[in-house]
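Hello,

Here is the structure I promised to pass on to you. Please open it beside this email while you read.

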Amino acid sequence: MELGKGNPQQIRQVLLFFVFLGGSLVCSETWRYSVAEETEIGSFIGNMVKDIGLSVEDLSARGARVIFDDYKPHLRLDLQTGNLLLNEQPDREALCDLTEPCILHFQVLLENPLQFFRAELWVEDINDHTPTFTDKHIFLKISESTAPGTSFQMDSAQDLDVGKNGVQNYTLNPNPHFHLKLQGSEEGTKYPELLLDQPLDREKEPELRLTLTALDGGSPPRSGTALVRVLVLDINDNAPQFERSIYEVPIPENSPLDFLVVKVSATDLDAGINGELSYSFSHVSRDIQKTFEIHPISGEVRLKALLDFELVQSYIINIQAIDGGSLSGKSVILVSVVDVNDNPPEVVVTSLTSPIPENSSPEMVVAVFSLRDPDSGDNGRMVCSIQDNLPFLLKPNFKNFYTLETESPLDRESRAEYNITITVTDMGTPRLKTEHNITVLVADVNDNAPAFTQTSYTLWVRENNSPALHIGSVSATDTDAGANAQVTYSLLPPPDPHLPLASLVSINPDNGHLFALTSLDYEALRAFEFRVGAADRGSPALSSQALVRVLVADANDNAPFVLYPLQNASAPCTELVPRAAEPGYLVTKVVAVDGDAGQNAWLSYQLLKATEPGLFGVWAHNGEVRTARLLSERDAPKQRLVVLVKDNGEPPLSASVTLHVLLVDGFSQPYLPPPEAEAAAAAPADPLTVYLVVALASVSSLFLFSVLVFVAVRLCRRGGAGSAGRCPVPEGHFPGHLVDVSGTGTLSQSYQYEVCLTGGTGTREFKVLKSVASNHRGSVINVEENSDFLDSFGFN
């Protein structure tokens, strides 16, 4: 390898590259490598590590690749060693035809950061082709009057090799009439001419046979021969003359086959056969012979193959007109191929990164591609663009290389895939356009936390549920993808440390289903709340919370409980009812409660059993037991009532209570205990009962004594102030047990009544005057007793 620093043309190219690119991405040096044609595949060409100055690791990490201008893989770069190896066996004639030197330009592309290194591969010619003549038999007609020294042009031999391996010399077998002279053309090729040494004599020798040999300069040299037949003719002293010495013809490259390029014409002053002209090409290459043809009589030059400006821009065609006496005239046709816009632009993507993470920084290189248009001028100038409203932009780089970069941050949740159309339009007429589509996928990044469908959930559970009952579900969604969108649910520690959440509910971590672990009791726990968390499986994981409120629905699982009268007392409660009671007289009130709620706690009362059916009635809504009719002497003094208390649940639950009612003629009548009480009294009492009885007797005695003292004092005061002969009537307040008339179902102890007993007037009345309690001043109950009832208290 050698650096091309001494060539002025290369120095100018480097300067032009720096002006175009600003010297930011392209190395200013051009490395030159050489290889002989037909070298075996895999042969070593050079080492990029030594030339570029990078390590082998850098080459691999930066994705080094070799890109030729014709986009063919002539070389390959071994990233393990940095060696440039031959990827295909080169054929100089196929690559460059007759162009010398044969140079293949390529670039070494490095990414991260983007950098280009220019290089050239020189393909050296070897002597692998033999010179050949187009015609193996060359016919020359020479007049016998031709003067010595006259020259006769012959077609040159063709050798696909170039340089010293091309045709270098011609030889002619020894003869007394001719010798060989080499001439050079404007194209730099050599062609032979026969020079006449002495006059010909047709009568002595009408035809001569000569052997023309073409030699190349290879080692060893190769050669090719042609037979030259010289026919001696009679005298022809006028050579043909063309109208013009040079024909300049422009022709579009898209001209069809058999297109008339030009019509040439020559004249000959001779007559007869010596004036008959024949047109032909002279000293032309095989390429011209394949592309053009000339009519030997009319002189019309037509196309026999299509033109391509991108391959050949011009042709130089040597033509000759030969008369019947073998005299010839020469002319040149200069054919200029005019470029037309017949090649659409080409897009070659050399690097594409997909998918790219959605959190990629702006100006990230997504793709590297190059443009190519073989046309020239405006036909080869290109404009490149992509669609609007995309977060990408195009940046031009070295020569026709472009990079596709991100312009703004990406969001996979908004758009996960971009179909980018690279549109390239040339500036020719008509304009040709090429579109190349690339797909860029956006890789997900965990940037979205799971979101619950509701901020709070309310779940209802009926009490006495079975364990592991599914009571509801929570749901959260994550707009990310893959593992970043896989949601896991969990219970969060409750704010109340005393709430045993772990023993109450559990949650399925995969689907958010909630289960009750134990049987819930509405009477013990009516509601509780907790928080659930939803976390994704990204890194780092993101999470969110939601509030769950569990309400326990009541079930009818508690029967009514009777508060009054007590059923577990040592002695049954007996109610006293005067026989003079009016219908509707309030005997007592059954008070009951229900631990349930709602309609399960709505209680109704009914009389289930009675000693005297129809004597008493129970109000269904408040449990008041009242007389249904007037009492008679036939009614048994001891009445037993069974009251049923029933709730409104489904199915309804009930409890019953037994009431003992004693019918008395007056409040002074001794209390007659029922038989059950007598049996209970006969039984030995426990110490607690004895204590209660003693305490009750003491309090009663003290109360009775206080009443008697109070009555005596009042009587004494009235006796001093009253008239003589009047029976003193005791006056004052009579404390008594309270009667509930509010209908609330509770026997309140906050009621007292003033009782006045009047006598001597002939109207015996027992009156309850008023309530002492301030909030019941409007409640007055008047009870009239008959004389027997008053007599029972000792009043006359």
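Below are my notes, from the whole chain down to single residues.

This is a predicted model, in which local features need pLDDT of at least 70 and side-chain atom pairs count only at pLDDT 80 or more, while totals for chains, interfaces and linings use all residues. Residues are numbered from 1 along each chain as its sequence is written, and side-chain values use heavy atoms, with hydrogens and water left out.

**The chain as a whole**

The chain holds nine helices and 52 strands; helices (H or I, at least four residues) and strands (E, at least two) are DSSP runs, numbered from the N terminus. Of its 796 residues, 39% count as buried, where buried means under 20% relative accessible area, exposed over 50% and partly exposed in between (1.4 Å probe, protein chains only). The accessible surface comes to about 42400 Å², and carbon and sulfur atoms own 54% of that; the areas come from the Shrake-Rupley method with a 1.4 Å probe, and for residues only the protein chains shown count as cover. Among contacts with a separation of 6 or more, 66% are made by residues 24 or more positions apart, a contact being heavy atoms within 4.5 Å.

How many of the six residues of E30 are buried? Six of the six are, so the strand is largely enclosed by the rest of the structure. In a regular strand the side chains alternate between the two faces of the sheet. Both faces of E30 are covered, with Phe401, Thr403 and Glu405 buried on one side and Tyr402, Leu404 and Thr406 buried on the other.

E30 has an antiparallel pairing with strand E27 (residues 365-372) over five bridges; two strands pair if DSSP finds at least two bridges between them. Within that pairing, Thr403 in E30 is the bridge partner of Val368. Strand E29 (residues 392-396) also pairs with E30 in the antiparallel sense, over five bridges, and here Glu405 in E30 has Leu393 opposite. E29 and E30 form a hairpin with four residues between them, and Lys399 in the turn has a positive phi of about 50°.

Thr406 deserves a look of its own. This residue lies in E30 (residues 401-406) and is buried, with a relative accessible area of 1%. Its side chain reaches the backbone oxygen of Ser361 at 3.1 Å. For such a polar contact, a pair of N or O atoms must lie within 3.5 Å; within protein, one must be able to donate a hydrogen and the other to accept it, and residues adjacent in sequence count only if both atoms are side-chain atoms. Leaving aside neighbours within four places in sequence, the residues in contact with Thr406 include Ile356, Pro362, Met364, Val366 and Phe392.

**Strand E31 and its partners**

E31 (residues 417-426) has eight of its ten residues buried, so this strand too is largely enclosed by the rest of the structure. Strand E28 (residues 382-385) pairs with E31 in the antiparallel sense over four bridges, with Ser385 opposite Thr423 in E31. Cys384 is buried, at a relative accessible area of 15%. E31 also pairs with strand E32 (residues 433-443), antiparallel and over nine bridges; there, Val424 has Thr434 in E32 as its bridge partner. E31 and E32 form a hairpin with six residues between them.

**A four-stranded sheet**

An open sheet of four strands has the order E34-E41-E40-E37, with mixed pairing. Its edge strands are E34 (456-462) and E37 (487-491), each of which pairs on one side only. From one strand to the next the twist averages 30°; axes are lines fitted to C-alpha atoms, for helices over the stretch in contact, and angles run from 0 to 180 degrees between N-to-C directions. E40 (residues 527-536) and E41 (residues 543-553) run antiparallel and are joined by nine bridges, and Gly533 stands opposite Gln545 in E41.

**The disulfide**

Which cysteines form a disulfide? A search of the whole structure finds one such link, between Cys96 and Cys102, with the sulfur atoms 1.9 Å apart; the cut-off for a pair of cysteine sulfur atoms is within 2.5 Å. The link is right-handed, with 65° about the S-S bond. Cys96 counts as buried at 11% relative accessibility, and Cys102 does as well, at 1%.

Best wishes
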